[in-house]
Amino acid sequence: MAKGRRVPMCGIPHQTLETYLSRLLERGYRVAICEQVEDPRKAKGLVRREVVRVVTPGTVTSESLVPARENVYLAAVNPAQDRWGVAVADLSTGEFRVTEVPEEAVVQELQRLGVREVLYPQDHPLPEGTPGARTPYEAWRFEPQEAARVLCDHFQVVSLEGFGCAGMPRGVAAAGALLQYLRETQRSGLRHIHRLQVYRPQDTLLLDPAAVRSLEILHPLVGTDRRATLVGVLDRTRTSMGGRLLRRWLVAPLLDRARIEDRLDAVQELTSGTHRERVQELLSKVADLERLVGRCGHGSATPRDLVALARTLAAVAELQQAAAAFHSRLLRELASQLDPHPALREELERALVPDPPHDPRAGGVIREGYDPELDQLRRAASEAKAWIRDLEARERERTGIKTLRVGFNKVFGYYLEVTRPHRDRVPPEYERRQTLVGAERYVTPEMKEREALILHAEERQREREYELFCRLRDRVAESGPGLLATAAALSTLDVLCSFAEASQAYGYTRPQVVDEPVLEVEGGRHPVVERVLQEPFVPNDLRMDGRRRIAVVTGPNFAGKSTYLRQNALLVILAQAGCFVPARSARVGLVDRLFTRVGAADDLAGGRSTFLVEMQEVANILHNATERSLVILDEVGRGTATYDGLSIAWAVVEYLWAHGRPRTLFATHYHELTELAGRLDGVFNLNVLVREEGEGVVFLHRVAEGASDRSYGIHVAQLAGVPREVTQRAAELLEELQGAARGEGALVRRGRAVQMALPLVVPSEVEAELASLDLASMTPLEALNKLHHLQQRVREQLRADSPKVVRMRRPRGS
Ligand SMILES: Nc1ncnc2c1ncn2[C@@H]1O[C@H](COP(=O)(O)OP(=O)(O)OP(=O)(O)O)[C@@H](O)[C@H]1O
Ligand SMILES: [Mg+2]
């Protein structure tokens, strides 16, 4: 009941809260959590309850609802004319970052981060494609002064200059609004959010969301098998923090050559030395320090968390020793950032029992000898218990009743029980409490006194333990910044070890990273496909440089074009993330942006197969690709009629050749495109080889220079088990179509295969003639004669005995 208004209600068991919480969040609800804020025993009348927290999609922190190896980001955007402010926070780890990006890059940045919830000024709609739940928020919260006030207040500083965000007024405004929102929804402390970091997306290799998706970096296009992703292959991290960092690194590889070399040096050291295994063994003892500090910050850490922290710090101390042997620059820097917090660890170890309960109020958390008051309470309780335990023997002796016994139940507490026959020998100070069939139960004033003492001492004990625990938790929260710095060093070390381990296990090599726009790969492989394939993966080369910029890759269906394109894109990502690469050798010219456009047919899982979307993505590429970009185009134009598609594909290549001039890999079924190599220098042909054997073909998966001249689509159909009748008929039709296509316009080469996977209309001779008439230059009489002539020809054809098929329309929907 709210203010006399009825609201539906229902009850759920306390321990199933999380299940219901996740369901409600999935439906887009925000959930307010109320708790009793008074001790029910001390409260008069109704126990006071308050909203302690509002859980929203971007602010979930309970362990069972947030995936260990993923960040849960809440973002706030602040729209402005030119650049938008974007702030992002992970409440569970205390990460808080801010940036400013051009309006058209906002959605891309939010998608790249994979944000769960976006906060925006309520009067300003969000752009289309914004991911996550959308939360409108009062516009004045985004005002620069208000926002700065909130931030300064939280960080206890007089100005924000120390955070290096002076040049980012819009970003600061977004950050302030975000923090205010967290304060309102979380109520309890946000102490673990102790700094605001400025970042610039343009300092990293920008991966457009289509690239992250189609290259299957984090999630597979189909299904949920993590092994089918890049992260699945590379993730050998031992900590969840490392797992999260690895994901961040893979979608934001570096652009700065020195930093890349630093990582590569570290990976090299870790692959060659023997100490990696030792380091990883120690890392596997490390708890999720970021989230642990987070839980201490908002007061939800459990006694087990603190025990885990003590163990983690012990492991950090050992790691620090192991790290003394490091010599590459980055590893040494990381070693110097590992702080085992000896004093804190000592205190935790002294205070906590090794295996405490989850619930800090349950008692049994604090060790003997840590706190004199607690020890005193414990002693009093145990003395009283011992007194009662010995009571039985004493009273038997005193009264001579051999069957007298001491018992306990919830209603009466401790009692003395005497069987009926001995009733007469009961001493006068016994007070009768309960009569049973064969016995009577009594208490004595002394006993009651001891009992009260035990109960009181136990209650005080639990209270005291809880007090002590909270004090420890606060102490951890105070050490938050230092612990988080150590956590950052641990995660980085973990990812570098993971890179090294995977590189060693799969035979990767160190790439050479250079500034010139080249991409030279010898014996390159697809890191994921090579892992899942039953047969051996065929390595392939690539050589791109100033004179070889645009590769047109042709080859039969199923030959391996898409695989080849993707493996080269992945190689660049790995190299710039600082990992070794699956190739015999590789020379990678730094890439500033990676674009991919995967043809409609290949992007079903994205659920975005319309031609319009395809063209929007192409437009994005054409506008934004630079000389340092890498563009992967797989079957662009496939989503429309053959000649439209071909013309678009052709024009796209011409445009990229003339503008931007990015390195481009273009896989296509339009063999006509191979003509471009002869016309534009910088364009070259590659094809994926097959060998014909009798009626069938053998896929060699080998990429060679030059154009391929046949499609083998029908062979693939045969391979796929399409009935023989159909494939034979298809072969016949192909012959005729190729005949009909001869003599067509400039784009269609004689004798070349025509791709059949599309709605295809080849005009009949009559139609072709009709289409070619120049009516404006004909007299009416000429036109009439021509019409008569054409009509004659059509009639003749219709009369012919065995009409040959010269035109074919594919049935709709095939
Ligand atoms: N280098 C390789 N070594 C071994 N197998 C490969 C190689 N490249 C591709 N394959 C195998 O061939 C299959 C088809 O590859 P892919 O999808 O890249 O072909 P495609 O030429 O793009 O086909 P389509 O024209 O139908 O799009 C892959 O699933 C993979 O199993
Ligand atoms: Mg393909």
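**View 1. Helix 16 within the predicted model.** Because 21 of the 27 residues of helix 16 are buried, this helix is largely enclosed by the rest of the structure, where buried means under 20% relative accessible area, with a 1.4 Å probe and protein chains only. Helices are DSSP runs of H or I with at least four residues, numbered from the N terminus. The model is predicted, so local features need pLDDT of at least 70 and side-chain atom pairs count only at pLDDT 80 or more, whereas totals for chains, interfaces and linings use all residues. Residues are numbered from 1 along each chain as its sequence is written, ligands are numbered from 1 in the order in which they are written, and side-chain values use heavy atoms, with hydrogens and water left out.

**View 2. Span and end of helix 16.** At 1.5 Å a residue, the 27 residues of helix 16 (residues 480-506) should span 39 Å, which agrees with the 38 Å between its end C-alpha atoms; the expected span is 1.5 Å times one less than the number of residues. Gly507, whose phi is positive, near 70°, follows helix 16.

**View 3. The shell around ligand 1.** Ligand 1 is surrounded by 16 residues, the closest being Val538, Phe558, Lys561, Ser562 and Thr563, with a residue counted if one of its heavy atoms lies within 4 Å. Helix 18 (residues 561-577) gives the most to this shell, with three residues.

**View 4. Polar contacts of ligand 1.** A nitrogen atom of ligand 1 is 2.8 Å from a polar backbone atom of Val538, and an oxygen atom of ligand 1 is 2.7 Å from an N or O atom in the side chain of Ser562; a polar contact is a pair of N or O atoms within 3.5 Å.

Definitions and conventions:
Helix = DSSP H or I, 4+ residues; strand = E, 2+ residues; numbered from the N terminus. Buried < 20%, exposed > 50% of the residue type's maximum accessible area, 1.4 Å probe, protein only. Polar contact = N/O pair within 3.5 Å; in protein donor to acceptor, adjacent residues only side chain to side chain.
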